[in-house]
Amino acid sequence: MLARNTSLNGKLAATFAVLILIFLSVSAFVYSKAAAVSAASEQQKRSERLVNQIDDALQAMLEQAVNLRGFLLFRSDSTYGDIFANRERMLKAISAARETAAGNSDFLQQIDGMQKAADLYFHELAEPQSKARKETDMPVDQIVKIGVNETKGQLDGFRQASAKIKAAAREESTALAAVQADASSDLRVTLLTGGIAAALAAGLLAWMLSRSIVRPIVGMTSAMGRLAGGQNDIDVPALDRQDEVGRMAQSVLVFKDAAIEKLRLSGETDRMRSDAERQRQMSDDQKAREEAELRFAIEGLAGGLSDLANGNVAIRITTPFASQFDRLRNDFNNAVEKLQAALQSVGRNASAINAGAGEIRSAADDLARRTEQQAAAVEETAAALEEVTTTVRDSAKRAEDVGQLVERTRCRHAGNREVIGRDQQHHRRDRRHRLPD
């Protein structure tokens, strides 16, 4: 029950946690064995290095003794230098061995014994004999006796100490090799058993996951496929689960109820579609009738306007339009009637204007006659004034005041001529207007 109510994330997390715990346990054990093998291998290398260093020190010590005997016999400078060179080589090897054996008191004690034997041999035997051979002419048999008693057994002690160290180091190396073999064996067994255990655990967990996740999801997929195919009477599995599969089942149940509701609404939709189609048909019929009525009204108005444009102001639209358009017909008839009345009024006003124009034309004729008479009188006056002007010009030098008066008289007469000229122009224009009549 707990597994059914645990979320998928929880199941996966628990599964991976178990696998990780198994792998960590196996890895920790393997690491410990590998560390033991590594430590044993390192210790074994140190033992082998110690043996090599002790061998190097022993070899340098023996070569130092051989070089001493050779120098005593042949008194060669190169052999003399080799004595001290091998001494330095031996000291370096012992110092390196002391560092390698750090932490092992037995080895350090034996190395100290080798150091003491080597120092005693060098300072009490090798150095005095080589110095005596190099700096004096003492016989060789006497030089050979220098320090023999003080250094007796030191070279053998050096050999024995080095042999003991090498034997102990080899035993330790053998023991470490055994430890390495055991650790390697344990490591192989651990890897084998851990791999088998991890594989079994992974298989078991995969089977549990399959039962708790994969199989319900497969069933849910099948149900969803049937529901998508139109089978609305399916049984939705895993509704009692509280995990993601249960929530998925609830969602599928919602889809199932929605599909059933969709079928119910589909019937209502078809019915509503049929009602809508009938209403659309009725609307189309109504629209066709309205378009026919509108077209009839437009054609009637167009005919009336055409007759009106041709000058027939007596035209009237007598055929009634549809109720919503009949007002246009009445407005058109009223407008044409008012236009006809206005045109009749204009005609009457035009007759009155024509009569007034005749009277004006008669008065203009009379004015023209009077203007001609006045023009003749003006011409006579102008002739008289011309004579007076000539007379006055002759006597202008004698009477300036009279000249000024005559000048004013001329100005007045000039104004009268302009009036007469305008009257003549009016008379001629009136005559031109009368000629067509």
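These are my notebook entries on one predicted model.

**Ground rules.** I number residues from 1 along each chain as its sequence is written, and my side-chain values use heavy atoms, with hydrogens and water left out. In this predicted model, local features need pLDDT of at least 70 and side-chain atom pairs count only at pLDDT 80 or more, while totals for chains, interfaces and linings use all residues.

**Overview.** I looked up the secondary structure and found nine helices and zero strands. Here helices (H or I, at least four residues) and strands (E, at least two) are DSSP runs, numbered from the N terminus. Of the 437 residues in the chain, 26% are buried. Buried means under 20% relative accessible area, exposed over 50%, and partly exposed in between, with a 1.4 Å probe and protein chains only.

**Core.** I then looked up the largest nonpolar core, which has 33 residues. Such a core is a set of buried Ala, Val, Leu, Ile, Met, Phe, Trp, Tyr and Cys residues joined through side-chain atoms within 4.5 Å. L50, M90, I111 and F158 have the most contacts inside this core. At least two of its residues come from each of α2 (8-74), α3, α4 and α6 (154-228). The most come from α2, with 11 residues.

**Helix α4.** This helix covers residues 105-135 and reaches 43 Å from its first C-alpha to its last, close to the 45 Å expected. The expected span is 1.5 Å times one less than the number of residues. I also found a kink of about 40° in α4, centred on F122. The bend at a residue is the angle between axes fitted to the seven residues ending there and the seven starting there.

**Rings.** My search of the whole structure for aromatic pairs gave four. Rings of Phe, Tyr and Trp (its six-membered ring) pair if their centres lie within 6.5 Å; planes under 30 degrees apart count as stacked, over 60 as edge-to-face and the rest as tilted. F71 and Y80 have ring centres 5.1 Å apart and planes at 50°, so I list this pair as tilted. Y80 and F84 have ring centres 5.0 Å apart and planes at 65°, so I list that pair as edge-to-face. Both Y80 and F84 lie in α3 (residues 77-100), four residues apart, about one turn of the helix. Which residues do the ring pairs link into a cluster? They are F71, Y80, F84 and F122.

**Accessibility.** F71 is buried because its relative accessibility is 0%. F84 has 27%, so F84 counts as partly exposed.
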